[in-house]
Amino acid sequence: MSLNFYRRVAFGLSPNEKPDKDPLNWAINQLDIIPDFLWPGTIPTEKDLRKKYGEWVYGDREVLRKKFKNDKHAYRKAKDELRIKTGERYFELNEHAIRHFQTKYSKQPVFERFWLFWGNHFAISEKDFLAEFSTGPYQREIIRPNMVKTFEEMVQSVTTSWCMIHHLDNSESFGPNSKKGMEWGETINENHARELLELHTVSPNAGYTQEDVIQLAYIMTGWAHKWDRKNLETGDIWFDQEMHQKGDKIVLGVKYKNDAKRELAKVIHDLATHPICIKFVSTKLCRHFITDEPTDEMINPVIEAWNKSNGNLIEIHKEVITQAYKYNEITHKFHPPEIWLMQLSRMFDLNIPLSFEKMNYTFKSKPNNRQRQLSWILREIGHSPYRAKQPNGWSDLEVDWVSPELLLRRFWFASVELPMLVKSENRSHDFILACLKNNFEDHANMASLIDNFRFGTSDYDLGQKYGVVCNLPGVLKI
Amino acid sequence: MNCTRRNFLIGGSTTLFLSGYFPKISFASMQKKNLIIISLRGGMDGLTAVPVIGDKRLKKLRKKLILEDVFNLNSDFGLHPKLEIFHKLWKKNQAAFVHATNIPYTGRSHFDGQNLMETGAHIPYKEKTGWLGRGLLASNIIGKGLAISLPMPLLLRGVPQNNNFFPSPDFVETKLIDQIYTEFKGEHNELIKSTLDTIRQRPLSMQIATDSDDRKKLALEAAKQLKDQSGPRVAVFDLDGFDTHAAQGGVDGAHADELEEVNKIVTILHKNLGQAFDNTLILTLTEFGRTIKQNGGYGTEHGYGSAILMAGGLLKKSQVYTDWPGLKKKELFEGRDLNSTIDSRAVYNSAMSVCFNKDPEFLRKEVFWGDELPDLSQELFKI
């Protein structure tokens, strides 16, 4: 088995890890339990950060805008101070640190790869201040605990999470015949219903119609954040009967009797266990781990595992890995920039993220450049994880990640930035050779390409070496 | 507005179904012509950008989104006040609009819609190349596409050696690029190899390091490139944020902010293209328009018909080209959206035929599978 399997399903091997005698078993054994977060620094709760979110939007919208409505300059200054005070510029950096610390040091890196996968399947795209305050904790508190449950349970949690409801505007969706809908002349907002069908469960392959979307939106009416004058939109999610569309609904030919808040769980059950949903999500999993265009031979065993286990994600994950192992030698997969960065960080023991002591924040000034470094790198290589442009998340296709600039960004990172992230004790040529040997069959050939610089340890020399080895065909694309 | 469906059709309708097109070989066609597409992702609201004037129904359905102080284009249509450059160019016959138009897609999914606006196809995700890429390939114009974004937009895919411009904060040594290039072998690496080919052929001016957050700088460099007689002939800008489900606003809302971005880009292009602006067409592209009615969050939902904003010296004249479907309930698409009476692909096909000096009939077959797309070049563009 090629060593690339450790990069196909994880992040490669760190200098103190050795290849396992049974790589398939090594990988499969990582999926039964949820590893703890290893980050020794602050890990705030979703609720805490939502409170910060509230302080920020309330302070800006309700206080500063009114107070400084005639003085643009003073307004800008006060707003910057509020950013500092509420951590608006800080929490996302901390979330990136938590995430990358995990993928770098986790004893269950295969589990972490699935964590990234699901966070992107149920993506929160760049909207309002979600990336600043909420997307990170959503990934930790909503996505992660459900990875040892069923797919249906995952969909239930995601759909009623504050983050997704805010992301897709369900709090603004009123049943037109509901009490509030009638009183205020309000109607539905279809956004969340549409994405629940299209992206999260059955996909357009199910052939749903506009009427199905409307009917599902009716079912979803009432699932909203509690609103009050002080917390604005950051209140907890609840079911507001007075927003809920009365009457029976029909989605994809199935009738859902008028049953208030219980309607949603029923329709999610049907969507999450729909054969087309199972095929759609199984295909996505195979695409992520095996190849851009997975075949039925790869997908069908995953569908079988899904059916046999009633959608148990542990069993599904194990089958995906089994297939990834089976096809490891004959398929190729291009990794998006963030996974590539995580792999470099693990294989070469890079100095990212910053130590938790240095990530500590006092809410008194702007985060410093060192604290911003990892997030800045992610953005520059084109893959800031919590800022997908659209609710369908980041693409898993090579064609979306190969452009002149995107490739140049990787060359730039490896040859210019990376040397500054090499730990002082790891600057020798022998260290690079050992890492290459640990992770690549053709390490001898790779070594020959950088042999000219074997005596060099300056940033420039390291840049010459890492610039090449990090961007070779077998590194960019396994 | 007192006109109803089909009682006026601006522009001569006699040529709608193709009179012959024979590109003249003249000095004018030797001059490089530029085609610039600005993608407006999220669903641009044609009725905010180019509102109908005095429509009572629209006023009633959009109480919180009403625009004051619009520029008057003619007796029927106004222009959003943030689209200042278009108003300025309108007076010089260098801005025009196509209204009540869309790609032939009536679903309301961003992802399907954006896929189709770029592929020009009927079934989402079926085609892997963009209409612009195929148009360039069919016209044998290779290595002349420039994307102003980090990823290569689907729109430009289908023709090899496109470039993109979104500079990193520091230089990459040519030596490194060459060294990596020699290592890329094997059939499964074709895409990366051809991308590296493009990188190695980039002009010096593109090997700069800058802050790519600054849209102005990017538009400026794009203008510089397009102005160069041997530079790119096609550029693609990408804007998003048009999906205003909430707080869409009127003159100053969320939709207005996005229109302001369009205005900025066009202003820079106009200023810096100089004379080359005379040989340029700038067209916007979006996946759908938005509902007539405002929603619960003072925003609008995904709709159907929208508008195309156009600028450049290759326009025939300032006009709002439309076959106005009306806004009465029964005139709306599914009773809720502005209808689309012009397949927007006809506009893009005609624009390509003008800029690439190709017979529109030929392009229609090569690029759009022979779909019924009338040639609008005589109505809209200088040929």
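Predicted model: local features only at pLDDT ≥ 70, side-chain atom pairs only at ≥ 80, totals over all residues.
On the interface, 39 residues of chain B touch 42 residues of chain A. Further down you'll find one helix crossing inside chain B and one inside chain A.

**Confidence**
- Chain B averages a pLDDT of 87, and 89% of its residues get to 70 or more.
- The stretch to watch is residues 1–29 of chain B, where the pLDDT is below 50.
- That stretch still has 41 contacts in the model beyond near neighbours in sequence.

**Chain B's side of the interface**
- With 39 residues of chain B in contact with 42 of chain A, the elements of chain B that put in two or more residues are helix H5 (110–119), strand E6 (163–164), helix H7 (174–183) and helix H8 (190–200).
- Sorted by class, the side of chain B that touches chain A comes out as 18 nonpolar, 14 polar and seven charged residues.

**How to read the helix pairs**
- Two packed helices are described by the angle between their axes and by the distance between those axes.

**Helix pair in chain B: H6 and H12**
- Helix H6 (residues 131–138) and helix H12 (residues 360–368) of chain B have axes that come within 9 Å and cross at roughly 125°.
- At that angle, H6(B) counts as oblique to H12(B).
- The crossing of H6(B) past H12(B) is right-handed.
- From H6(B), the contact draws on Trp131(B), Arg134(B), Gly135(B) and Ala138(B), while H12(B) supplies Leu363(B), Glu366(B), Val367(B) and Phe368(B).
- In class terms, the H6(B)–H12(B) contact has five nonpolar residues, one polar and two charged.

**Helix pair in chain A: H15 and H16**
- In chain A, the axes of helix H15 (residues 275–289) and helix H16 (residues 296–308) come within 9 Å and cross at roughly 125°.
- H15(A) and H16(A) are therefore oblique to each other.
- Their handedness is right-handed: H15(A) and H16(A) make a right-handed crossing.
- H15(A) brings Ile278(A), Lys279(A), Ser282(A), Thr283(A), Leu285(A) and Cys286(A) to the contact, and H16(A) answers with Met298(A), Ile299(A), Val302(A), Ile303(A) and Trp306(A).
- The H15(A)–H16(A) contact splits into eight nonpolar, two polar and one charged residue.

Conventions:
Residues numbered from 1 in each chain as written. Chains lettered and ligands numbered in written order. Contact = placed C-beta atoms within 7 Å. Helix = DSSP H or I, 4+ residues; strand = E, 2+ residues; numbered from the N terminus. Nonpolar A, V, L, I, M, F, W, Y, C, P; charged D, E, K, R; others polar. pLDDT = per-residue confidence, 0-100. Axes fitted to C-alpha atoms, helices over the stretch in contact; angles between N-to-C directions. Parallel < 35°, antiparallel > 145°, perpendicular 65-115°, else oblique. Left-handed = near helix turned anticlockwise from the far one by under 90°.
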